[in-house]
Amino acid sequence: VVIKLLKKKNMIPLSLKKIAIITNGQLYGRDLVINDIVIDTKQVTLGCLFIALKGKQFDAYIFIKEAVNKGCAAIISQKKINYNVSYIIVEDTSIALGKIASWIRQKINPKILAITGSCGKTSVKEMTKSILEKNKKIISTIDNLNNHIGVPITLIRLTKKHKYGVIELGANNPGEISYTSNIAQPNTVLINNIYHAHLQGFKSLLGVSKAKSEILSGLRSQGTVIINLDSNHLSQWKKKIKNKNVFYFSIEKKKKVIFFLLTLQYIQIKHVLPCTHHLVK
């Protein structure tokens, strides 16, 4: 018997049994319908599912008691718990979060624009969001929550009302963007730039270029790629963008691009954004 809990819906309803299947986990206790998933006890709502994330320097398992006391109805954990709530045991709670997000993304199937680059990601995301939300319901990453936790948390909030998603993908190490891109499965990707920024973790500018190009790994078939032609080490992407629908932009190489940016100041930026709107649409 599936128990339904009355509360605010922050996501599409999912039963614990379904979540256990999605995460390849084991359900203990009653099967409930979940309308909210949180990873922070400060965000616990009545009847929600709390995921006890575990990292190299933290383990949210110690906060399960607090989550239960605040009203959460179920837990996802890497080990058994001793509280009177339903729970799902998984091998890795962070991976479980990503699996849930990926399943919801495929179920809702909005058009997703994923953005990465050395700098300016958040600004471009916010500008694109402001255009798209004038006509359609959209979802986007909050602030710069663009990592392996922030991206899934964003996508979990998708509902049938959302037509677009604008998702920022960041990384501190190789492989991280590949992971989040495959969760987001974008229809369009934008690599804003590749410059000497945030080199730590990538060792070199070439390392940054390779890491940012990982965004292409999750691009859907027939997807669109938007690239800054002024970026460094573009030659590394030739094989990855072969046979893709590619648009270039530049402030230096006017003859080789679809649209040319004379400056990016104030009112002139309006000439760039309609291009992004058109490509996502």
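Select Thr41 to begin. Leaving aside neighbours within four places in sequence, Thr41 is in contact with Phe50, Phe63, Glu66, Ala67 and Lys70, where contact means heavy atoms within 4.5 Å. This is a predicted model, in which local features need pLDDT of at least 70 and side-chain atom pairs count only at pLDDT 80 or more, while totals for chains, interfaces and linings use all residues. Residues are numbered from 1 along each chain as its sequence is written, and side-chain values use heavy atoms, with hydrogens and water left out.

Thr41 sits in the loop between strand E5 (37-38) and strand E6 (49-51); helices (H or I, at least four residues) and strands (E, at least two) are DSSP runs numbered from the N terminus. Is Thr41 buried or exposed? With 9% relative accessibility, Thr41 counts as buried, a word that means under 20% relative accessible area, with exposed over 50% and partly exposed in between (1.4 Å probe, protein chains only).

Next, select Cys48. The structure holds zero disulfides, a disulfide being a pair of cysteine sulfur atoms within 2.5 Å. For Cys48, the nearest cysteine sulfur belongs to Cys72 and is 5.2 Å away. Cys48 is buried, at a relative accessible area of 0%, whereas Cys119, at 38%, is partly exposed.

Now display the open sheet of five strands, whose order is E3-E8-E7-E6-E5 with mixed pairing; two strands pair if DSSP finds at least two bridges between them. Its edge strands are E3 (26-28) and E5, each of which pairs on one side only. E3 runs antiparallel to E8 (residues 86-89), joined by three bridges. Select Tyr28 to find its bridge partner in E8, Tyr87.

Lys18, Ile19, Ile22 and Thr23 of H1 meet Ala96, Lys99, Ile100 and Trp103 of H3.

Finally, select helix H7 (residues 205-212), where six of the eight residues are buried. They are Leu205, Gly207, Val208, Ser209, Ala211 and Lys212. What covers these buried residues includes strand E9 (111-116), helix H6 (176-184) and strand E12 (188-191).
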